[in-house]
Amino acid sequence: MTYFKKSHKYPSVQSKDLEFDGVTVRVYQPKAPCAGPRRGFLFFHGGMGLFGDIAYYEDICSRFCKDSETVVVSVDYRLAPEYGFPTQHNDCLAATVHFMKNTEAYGVDPSRVIVGGDSIGGNIASFVAQKLVERSDLPKLRAQALIYPGLQAMDFSLPSYQQNSMTPLLYKETTIEYGLIYFGKPPSLKEQLMKGSHVPDDFRRKCEKWMSADNIPEKFKRRGYKPVPLVPYKPEIYAQLSEILETTFSSLLAEDSVIQKLPETFILSCELDVLRDDSLLYKKRLEDNGVKVTWFHAKNGFHGVINLVGVRVLNLPVTTEIMDRINDFLKQL
């Protein structure tokens with residue numbers, strides 16, 4: 001798709017590559033003067049933690065900057081498998097903390113900092129937001145913006161996984177296969193992970209109230225859904241996969257005491273996406289804990305759709321609508 005992308009250099013936006021605590025970032029700033037400090041948006045790109053970089057997301061981030069008049073920091077975190085999990089999460093956390101300590105240098109109001117990202121970037125943003133609730137030495141995040149994030153590795157038989165298992169651009173089996181590469185695990189674990197034998201019985205009981213498909217509105221089950229219980233627990237499988245259930249990656253499974261401290265949240269879900277229900281379940285958890293949520297569901301959207309920004313041959317209305325909704329959310333903060 002890179003061949004078809006035509007980078008837009010907006011005259012109203014300037015950018016510069018820097019390092020934040022050893023992590024490469026690209027900072028986009030509006031050229032026009034502003035009466036006061038602007039908001040700042042740290043963006044973590046998608047790509048399963050294996051692909052993508054700040055150059056590929058140039059169009060998306062520069063458009064966020066231009067359309068919302070926001071200082072955007074695109075984080076070029078290190079990729080797996082060369083750099084194993086949780087390097088990607090830690091890089092983004094380090095870059096965020098550095099930025100929050102130095103907002104004045106970029107003309108940003110420290111009380112108006114947002115974290116966000118698409119796909120694995122949304123996962124990372126949710127992790128960063130949860131980690132920062134513990135930091136009394138930093139200003140509170142203003143918001144998080146999660147664009148079709150993956151937020152749990154407990155149940156791969158939710159309605160959206162069944163309905164969209166063969167829907168491009170992210171197939172169910174591809175999700176599992178790349179996930180194992182991301183975590184540095186052997187591909188032989190795929191079937192056990194898909195069936196849920198890695199989930200201990202006590203953990204199932206604890207998380208059932210958060211992960212139950214009963215929490216997903218019925219209208220999202222009309223395209224077909226058959227409850228599939230997790231297979232019996234196998235301790236030897238858990239021993240190899242335990243870290244994927246930790247909240248560093250499975251932020252949907254964090255305690256209520258953490259969830260209730262999270263900032264205002266924007267969530268984008270796409271109907272034609274295996275990860276759709278992660279967004280729906282997290283939305284409910286946030287709202288149940290008193291967190292304000294702005295939710296946009298793209299009925300014709302699919303995983304990776306915002307990457308069509310700047311693609312010459314595929315100018316879809318849903319891509320424009322999604323970008324507009326995200327920019328609208330940013331502008332009201």
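How many of the 11 residues of helix 1 (residues 58-68) are buried? Eight of them are, and helix 1 is thus described as mostly covered. The model is predicted: local features need pLDDT of at least 70, side-chain atom pairs count only at pLDDT 80 or more, and totals for chains, interfaces and linings use all residues. Residues are numbered from 1 along each chain as its sequence is written, and side-chain values use heavy atoms, with hydrogens and water left out.

**Helix 1**
- Buried denotes under 20% relative accessible area, with a 1.4 Å probe and protein chains only.
- Helices (H or I, at least four residues) and strands (E, at least two) are DSSP runs, numbered from the N terminus.
- The buried residues of helix 1 include Glu58, Asp59, Ile60, Cys61 and Phe64.
- Among the elements covering these buried residues are strand 1 (13-20), strand 4 (71-75) and helix 11 (317-331), where contact means heavy atoms within 4.5 Å.
- Glu69 follows helix 1 and has a positive phi, near 55°.

**Cysteines**
- The count of disulfides (pairs of cysteine sulfur atoms within 2.5 Å) is zero.
- Cys92 is in no disulfide, as its nearest cysteine sulfur, that of Cys61, is 12 Å away.
- Cys92 is buried, at 0% relative accessibility, and Cys207 is buried with a relative accessible area of 0%.

**Annotated domain**
- An unreviewed UniProt entry carries the annotation "domain: Alpha/beta hydrolase fold-3" for residues 42-184 and 246-306; UniProt positions are given in the numbering used here, feature names are shortened, and annotations may be inferred rather than shown by experiment.
- Residues 42-184 are 38% helix and 17% strand, with end C-alpha atoms 27 Å apart.
- Residues 246-306 are 28% helix and 31% strand, with end C-alpha atoms 28 Å apart.

Methods
Buried < 20%, exposed > 50% of the residue type's maximum accessible area, 1.4 Å probe, protein only.
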